[in-house]
Amino acid sequence: MGNIIKIQKGCKDILPENVTTWQFIEEKARETFSKAGFREIRTPIFEATELFQRGVGDTTDIVNKEMYTFEKSERSITLRPENTAGVVRAYIENGMHKLPTPVKLYYMGPMFRYERPQAGRQRQFSQVGVEMFGIETPVADAEIIALAVDYLKSVGLNDLDVEINSIGCPKCRDEYKNRIKEVLKDELPNLCEDCQVRYHKNPLRLLDCKVESCKKIFEKPEIQKVIQSDYICDECSKHFEELKLYLEKLNINYKINKLLVRGLDYYNRTVFEIKSNNLGTQNAVCGGGRYDTLVGNLSGQPTPAIGFAMGMERLISLIPQVENPKLDVFVVSDNMSNALYCTQKIREMGYSAEFDLNNRKFSKQLEKASKVAKFAVFYCENEVQKNVVNVKNLSLSTQKEVSFEELGSILNNER
RNA sequence: GCGAGUAUCGUCAAGCGGUUAAGACCUCGGAUUGUGGUUCCGAUAUGCAUGGGUUCGAAUCCCAUUACUCGCCCCA
């Protein structure tokens, strides 16, 4: 095998033994979100490149260097790097603003980002997320955060860190950015290369630089004063305070992380992340926030909105593998035709069943049965003659000769 | 785009310059051609990512290439 074709970098096969775990988290998502009145939406995996440029933002890394973009019939197409923009596009295009508010949607599926893969990061990865349109008040923020926590609980994750912050509205955030730039102006040449870029592109990101020399600079009192100041305007501040009260009432433990700023341009006011320390350096399972201007920016009726996305691979890595269910019945027979007949008959009764297509000898068939099934059903010459089967409970080692009609009740009772 | 590490069977691996490349799991066969899951025996890499080099001799040392992993940036 000299020249086998290999999977693409940053992609992963999900093999049958792991699929059960995926089905589990998908099922829990549908359950939890629909219980809260959210309905599933499925949008295309590719969209017009412009959607992401205008939606996610021209200055973001995602749009600048991570998109899978190609030309087809003189159109620029991009594999979706996230799904909020796509859902918003569908919301606008399908006139969903005419629906009763709030409009509550959820989605799950693959996303694509051209990045160097590492722990917790792939080029094709899956997100499950929710979006809520039409509610401006912080109850919506609280419900969304609670929903994220509920979902994580439903898959068995109870003690993750919920971090929240408010990045204000475009107006007060700009003032804050300017003040940061102002106070750091003289230090600019001393900052690391990345920070030099951040200074111009996204000053908010300056704050959590990990380079020691930068950290030292940021520790200076006059700079700390600016960083720590409650820069957001009264209205934004009130929104944030209310959110905190709701969360407290719901007994959701949160931490305020002033350094939490999200990398997508569309966010305003509430942003949040849910983190685990079992994830390595890419430690956020969930990220989200409010995006009140996005619908308008994409030429829809201005509509406030909030949502989150979770990385499903990261989620999977945090929960124990769900065991593959055992087969109900493995049919043991000395005759292929009878084996097939009996197996089909059991399947028709509503039970899972297999037989040995290799036609191995009796003891091998039974060995196989004990590995994969709860029951062995013998259907050999003897049984065929009498028109019965012998059913053996493989964990109890009990065996009984019964007719096909009686078989169902045994499988049902002992299963 | 930058930095570091790793590459031996389907999987996990031992081996650290000296004739036939441990072991375990999986798979397959046998003991046991109608009673399994716990037992015992046996089979399975002319090859150690690829291409060069050093050496009497290379899975082992050197160089290059490729792939993967981890980290930076950024994000789920």
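Predicted model: local features only at pLDDT ≥ 70, side-chain atom pairs only at ≥ 80, totals over all residues.
Reader: What makes strand S7 and S8 a pair?

Author: Strand S7 (residues 161-166) is joined to S8 over 3 bridges, in the parallel sense. The rule asks for at least two bridges, so S7 and S8 count as a pair. In one of these places, Glu-163 has Lys-255 of S8 as its bridge partner.

Reader: Where do S7 and S8 stand in the order of the open sheet?

Author: The open sheet has 8 strands with mixed pairing, and its order is S1-S5-S6-S11-S10-S9-S7-S8, with S7 and S8 written at the end.

Reader: Why are strand S1 and strand S8 said to stand at the edges?

Author: Strand S1 (39-40) and strand S8 (254-256) each have a single partner strand, so one side of each is left without a neighbour in the sheet.

Reader: Which helix packs on the sheet and touches S7 and S8, and how does its direction compare with that of S7?

Author: Helix H10 (residues 234-249) does so, and it also touches strand S9 (268-275) and strand S10 (284-290).

Reader: What is the angle at which the axes of helix H8 and helix H9 cross?

Author: The axes of H8 (residues 212-219) and H9 (residues 221-228) cross at roughly 85° and come within 5 Å. Angles of 65 to 115 degrees count as roughly perpendicular, which means that H8 is roughly perpendicular to H9. Where the two helices meet, Ile-217, Phe-218 and Glu-219 of H8 touch Pro-221, Ile-223, Gln-224 and Ile-227 of H9, and these residues divide into 5 nonpolar, 1 polar and 1 charged.

Reader: How do you know that the side chain of Arg-205 makes a polar contact with RNA strand B?

Author: An N or O atom in the side chain of Arg-205 is 2.3 Å from a phosphate oxygen of RNA strand B. The cut-off for a polar contact is 3.5 Å, so this pair qualifies. Lys-361 also has a polar side-chain atom by a phosphate oxygen of RNA strand B, at 3.2 Å.

Reader: Which helix gives the most to the surface near RNA strand B?

Author: Helix H14 does, with 6 residues. Taken as a whole, the residues of that surface divide into 12 nonpolar, 14 polar and 23 charged.

Terms used:
Residues numbered from 1 in each chain as written. Chains lettered and ligands numbered in written order. Heavy atoms only, no water. Helix = DSSP H or I, 4+ residues; strand = E, 2+ residues; numbered from the N terminus. Contact = heavy atoms within 4.5 Å. Axes fitted to C-alpha atoms, helices over the stretch in contact; angles between N-to-C directions. Polar contact = N/O pair within 3.5 Å; in protein donor to acceptor, adjacent residues only side chain to side chain. Nonpolar A, V, L, I, M, F, W, Y, C, P; charged D, E, K, R; others polar. Parallel < 35°, antiparallel > 145°, perpendicular 65-115°, else oblique.
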